[in-house]
Amino acid sequence: MHYQSTYADFYYQYNDTESSAPVRSVCGTSPYNCINPDRFHNPAWNTNISNWPICLQDAVSSYPHLSCELTGRPCCVGLQAVCLITTFEHCNFLGGHYHSDAFLCSQVDCLSGVCGLIPFAEKDHPDQVYRLWLSLFLHAGILHIILTLLFTFFVLRIVEKRLGWCKTCFVYILSGVGGNIVSAVFVPYYPEVGPGASMLGIVAYILVFLLMDCRYLEKPHVDLLAVLVVIVVTFVMGVLFPFLDLQGLLKFKILSSLTSKDSKENPGNMDQNPRMGTRNFSLWMAAYSLWLALLAIYSASGTSVPGPNPCAIRNGGCEYQCLPKENGYSCVCPTGMLVSNDSRSCQESNEFILFTNRVGIRRVSLDVPELVSVPLPVYNLSVAAGLAWDLDINSLFWADKLIYVANINGSNQRPLITDNIGTPVALAVDWQTKKLYWTDSGLKRIEVANLDGSHRCILIYSGLDLPRDIAVHPSAGYMFWTDWGATPMIGRSALDGSGRKNLVTSNLKYINALAIDFDTDTLYWADANTHLIETSDLNGRNRRVFLSNLLHPYGMALHGGYLYWTDWTSQSIQRVNRTTGLGQTSIVTGISYMNAIQVVNRDRRPGPNPCMVNNGGCSHLCVTKPGQNNGSTVASCLCPTGYALYGNQKTCTSHGKLPHGRLTQSILMTPLQDSQQLKLAKWK
């Protein structure tokens, strides 16, 4: 049996000893890997995963589908107690309760969490009958309590004189319970508290009594007006606390019967008891007419009784989440994605930040309202540093002892460069000729290869001490790098490694980051020792301080009108205007050791270049270098290490003398010394 983890697209083959086992691994939980299951809430492992217990402690596992970080866990949302498997950020956005200790919705009890109070006797069967009368004694605030006390003193006290405390209590409680039942039928997902239903029951009793006994009253119009004032006040309270005034149908019918019976036994007004006759039919019609009038007024106020859930059928047509609202519903997308023009499907963000933080790679979409970092599903990272991307092949590259590649969304992770590598620190992609450049501080060199890792070639291997960051300018044919060594510097050469030059050599220490403004041909660099971001032209001239008093800048990127950088001390990503240096803003905070940063732009596409047609005539690697005309580039052919150009300088051969600047295969095999590893471990 094969298990496929959608988190990392990793297949695990169970061995023969496990072939007869009744259950397998699901959602990061394995019966074979859990050494302390919570059997108090769930019974035991079985073939029905909805009955699986929560695993309180896992054994150390080497399986990627068990050791990877899960980003989706149960989230209880809304009064409907809906359970979703989603991320912590999305759960907070929905206002739900995120269960970080559970894997499956069957392991949480959303309904009990929403209802609270005394737990259910059975998980899926609500039995809190006491809620029918409990809400009558709860209030929504001081104003609510004051209105209840005023009603009790000026209205309920008069009714008690007529009916006595026992009957008044019976009418009051029964009206409230009946109103709550009606309210639960018509508006089941709106919480409500207070004795509003009981108040309207008492007012209904008084009003029907006055209508039937008005000829026995000395001033019936004054008494009727007073009752109408009470009704208006009660209705206003219903507006303050929605849906309290919709609870009248059942209680009015019950109270009408009670009123009719009481009128036959004790006819008269509130203070006298002259004989009178009433008919049940009249009382029923009067009470029902009053309920219709209140309902019409309430509907005219702009509030209506909610209808069926529009998301119940086919998820409202939404691709991901369907959320009901007052006038219909809306479709929402996972964090970092955009709602398409059809308002139902979702699409990928066009602009987003990618950054590493040693143990992971995270993404922040820039064209959505919420700037939230979301982890990519990559695993087994320990010292992730360099980062590069190319959307034409939907690929993301990073350095972590080796060089890895994955899809831009983090799926399909695999090693790219694994042999003869020391400590790769920084990466850069030439999106014109589709080449990957990297610095290796362990072996003290700069290399290049195709984006699939083939035709690897060493460009610079001498005169480097601790090469750090690297940046390329494809349209100008240049690459730039920084060096942390005994003589810190910023260097430049053509993309084929020729024409090497030291651009900046003074007042430098830990030059962590490079970035290029391709529109103005401006070079930016950040120094963690001087706490500066400085700029110059591509020749190292016109040097100036762009930003000062920084804390510990590490990675840097330019996009749109902004300059972005990561900072170790503030544990944040900062952004300023790339021209003025003003408007500094924190984009992401609270994440330690944020290293490399890149801004992915789907508009970045390769343009015309000398290598576009027939690989520039080269048999293996074609890169560009500056041409004789200002701003132009020409093709330059390179050979994989161990091969050499001959004759027409376009074809590589494994025989003959190697040209200047190329290394033999034996040099490529040079091992990394322990002293170099120790030195590189002390990152600045």
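Reader: Hi! Why does the span of helix H5 agree with what it should be?

Author: Hello! In this predicted model, H5 covers residues 142-163, and at 1.5 Å a residue its 22 residues should span 32 Å; the end C-alpha atoms are 29 Å apart, so the two agree.

Reader: Where does H5 bend, and by how much?

Author: The bend is at Leu156, and it is about 40°.

Reader: Nice. Which residues in H5 are buried?

Author: Leu156 is one of them, along with His144, Thr148, Phe151, Val155, Val159, Arg162 and Leu163.

Reader: And what comes just after H5?

Author: Gly164 does, and this glycine takes a positive phi of about 90°.

Reader: Switching to cysteines: how many disulfides does a search of the whole structure find?

Author: Nine. One of them joins Cys76 and Cys110, with the sulfur atoms 1.9 Å apart.

Reader: What parts does the pair of Cys76 and Cys110 tie together?

Author: Cys76 sits in strand E5 (residues 73-77) and Cys110 in helix H3 (residues 110-115), so the link ties together parts that are 34 residues apart in sequence.

Reader: Is the link of Cys76 and Cys110 left-handed or right-handed?

Author: Left-handed, with -75° about the S-S bond.

Reader: Are those two cysteines buried or exposed?

Author: Cys76 is buried, at a relative accessible area of 10%. Cys110 counts as buried too, at 6%.

Reader: OK, what about Cys83 and Cys105?

Author: They also form a disulfide, and their sulfur atoms are 2.1 Å apart. Cys83 belongs to strand E6 (residues 82-86), while Cys105 is in the loop between strand E7 (97-98) and H3, so this pair ties together parts that are 22 residues apart in sequence.

Reader: Why is the disulfide of Cys83 and Cys105 left-handed?

Author: Because the torsion about its S-S bond is about -90°.

Reader: How accessible are Cys83 and Cys105?

Author: Cys83 counts as partly exposed, with 22% relative accessibility. Cys105 is partly exposed as well, with 27%.

Reader: What about Cys166, and which cysteine sulfur is nearest?

Author: Cys166 is in no disulfide; the nearest cysteine sulfur belongs to Cys169, 7.1 Å away. Cys166 counts as exposed, at 51% relative accessibility.

Reader: Is Cys457 buried or exposed?

Author: Buried, at 1% relative accessibility.

Reader: Last topic, the surface. Which residues form a nonpolar patch there?

Author: Leu117, Ile118, Val129, Trp133, Leu134, Phe137 and Leu138 do, and together they have about 680 Å² of accessible area.

Reader: Where is Leu134 found?

Author: In helix H4, which covers residues 131-134.

Reader: How accessible is Leu134?

Author: Leu134 is partly exposed, with a relative accessible area of 31%. Patch residues need over 30%.

Reader: Great, thanks!

Notes: Residues numbered from 1 in each chain as written. Predicted model: local features only at pLDDT ≥ 70, side-chain atom pairs only at ≥ 80, totals over all residues. Heavy atoms only, no water. Helix = DSSP H or I, 4+ residues; strand = E, 2+ residues; numbered from the N terminus. Expected span 1.5 Å × (residues − 1). Bend = angle between axes of the 7 residues up to and from the residue. Buried < 20%, exposed > 50% of the residue type's maximum accessible area, 1.4 Å probe, protein only. Disulfide = S-S within 2.5 Å. Patch = residues over 30% accessible without salt bridge, like charges linked within 9 Å, V, L, I, M, F, W, Y side chains within 5 Å. Areas by Shrake-Rupley, 256 points an atom, 1.4 Å probe, with all protein chains shown as cover. Salt bridge = Lys/Arg side-chain N within 4 Å of Asp/Glu carboxyl O.
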